Amino acid sequence: MSDTLDAEARALHAATLTIDSHIDIPWPNGPSPFEDGPRRVDLPKMRRGGIAAGCFAAYLPQGPRTPEGHEKAFLRATAMLQSIRAMGEPSEAGLCGRLATTVEEIAAARLEGAPAVIPVVENGYAIGEDLERLVPLRALGARYMTLTHNGHNALADSAVPRRDLGDEAALHGGLSDLGRAAIGRMNELGMMIDVSHVSKPGMLEAAHLSRTPVIATHSSIRALCDHPRNLDDEQLEALAETDGVVQITLVSFFLKAGRKESEVTVADFVDHIDYATGRIGIRHVGIGTDFDGGGGVSGWRNAGESHAVTVELLRRGYDRPAIAALWGGNFLRLMRLAEEAAA
Ligand SMILES: [Zn+2]
C-alpha cells in the first residue's frame, strides 16, 4: 500500500462519523473504560481509532426460562445499562464519553469530540415474559434489543439452540406470539429490533413484521462462511426488501470457518462487506465488531486500530459516500426511522 493511500484513508476515516454497532462490556467486574487498558474498546482506544460512537451491550447469557431466571436477567440488564451510562459521565481520568440515545445526541457528541456511548440490550431474555419491562430498559437508554442470544427464549428461537438448557431444534418455530407483541411494543418505544442470533424463521418474520427496518447488529455472510450465526442470501434479500441493514461482524470463525483471530485478516472481513454490498447494495450494510464479545482479527484487534478497515475499503475502490454509509450512515438511517415511528 502506498503512503499516499494510507494518508488519504486516515484523513477520510477521521472525517467520517464511524459507528460500531455491537460492543460487549466485561461483567460484573472489569478494567476501567476510561483508561487504555486490556479492554478491546475503552474511551482512549475509541479516540485513537477514530470511532465516533459505539453501541455497548447489556448482555444476558441465556438461562432457565423460569420466573427466577427472568427476574435475575432483568436485574442484570438494568445494572449493566447503569454501568454503560456511567461511561458518559466525567471520570477522574478527565476523559469522558457522552451518553447518546438519539441521532441528535450522537451528532452533538461528535461536535464535542467525545466518543458517543449508545446503550443497548442483547437478549430478549432480559424481559422474560413481561413486555412492560421494555419500558424501564428504554428509559435507561436502550436503543435496540437483540431478540435472542444463543438459546431459545420466550420471544423467539435462536439460531444456536442450547441443548444444555433443554432446547429442541425449534421451540416456537421462529417467533412466539409474545415475540410478535414485543416487536410491536419496541416499535412504539423507538427500540430497534436486532435480529442477530435469531433463528432464520424468526429473523425473516421479524423483518416483515416490524414497522421500521430491522438490523442484524453483528452477523456475517453465510455464503462465505457456513455458520448458523451468519445470514444466508434469503435473509440478506429480506433485509434489502424491508430496508434493513446487516452489520458485518469481526468474529474470526464467522469470517473463515474454524479459524482463530491470528488466522483472519482485515481483508477477509472486507470480503464479507464486498459480498453483502454486491448482493444487496451499500445501503444495507454496516459494521459491528463484537469487540470484547469475541470480535477481533489480525490487524484489527481493538478499537484503536479501526482505521485499518477504512484503508482496505479505500484500496478496493469504495468512495467517500459508500464508506460513510457503511461506517454509520445506514445505522443512523434506521435509528432515525425508529425515532420517527415512535414519535
Ligand atoms: Zn452476540
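Let's start with helices H1 and H11: their axes come within 9 Å and cross at roughly 120°, and the two are therefore oblique to each other. H1 covers residues 3–15. Here, angles under 35 degrees count as roughly parallel, over 145 as roughly antiparallel, 65 to 115 as roughly perpendicular and the rest as oblique. The axes are lines fitted to C-alpha atoms, for helices over the stretch in contact, with angles running from 0 to 180 degrees between N-to-C directions. Helices are DSSP runs (H or I, at least four residues), numbered from the N terminus.

Before we go on, please remember that this is a predicted model: local features need pLDDT of at least 70, side-chain atom pairs count only at pLDDT 80 or more, and totals for chains, interfaces and linings use all residues. Residues are numbered from 1 along each chain as its sequence is written.

Contact means C-beta atoms, placed from the backbone, within 7 Å. Ala, Val, Leu, Ile, Met, Phe, Trp, Tyr, Cys and Pro count as nonpolar, Asp, Glu, Lys and Arg as charged, and the others, Gly among them, as polar.

H11 has another partner. The axes of H10 (residues 266–280) and H11 (residues 307–315) come within 10 Å and cross at roughly 60°, which makes H10 oblique to H11. This crossing is right-handed. Val266, Ala267, Phe269 and Val270 of H10 meet Ala308, Val309, Glu312 and Leu313 of H11, and these divide into seven nonpolar, no polar and one charged.

Now look at H7 (residues 200–209) and H8 (residues 233–241), with axes that come within 9 Å and cross at roughly 15°. That makes H7 roughly parallel to H8, and their crossing is left-handed. Lys200, Met203, Leu204 and Ala207 of H7 make the contact with Gln235, Ala238 and Leu239 of H8.

Finally, the core. The largest nonpolar core has 100 residues, and Val246 is among those with the most contacts inside it. Helix H12 (residues 320–342) gives the most to this core, with eight residues. Not counting residues up to four places away in sequence, Val246 touches several residues, including Leu239, Ala276 and His284.

Definitions and conventions
Left-handed = near helix turned anticlockwise from the far one by under 90°. Contact = placed C-beta atoms within 7 Å. Core = buried A, V, L, I, M, F, W, Y, C linked by C-beta atoms within 7 Å. Buried ≥ 20, exposed ≤ 12 C-beta atoms within 10 Å, placed from the backbone.
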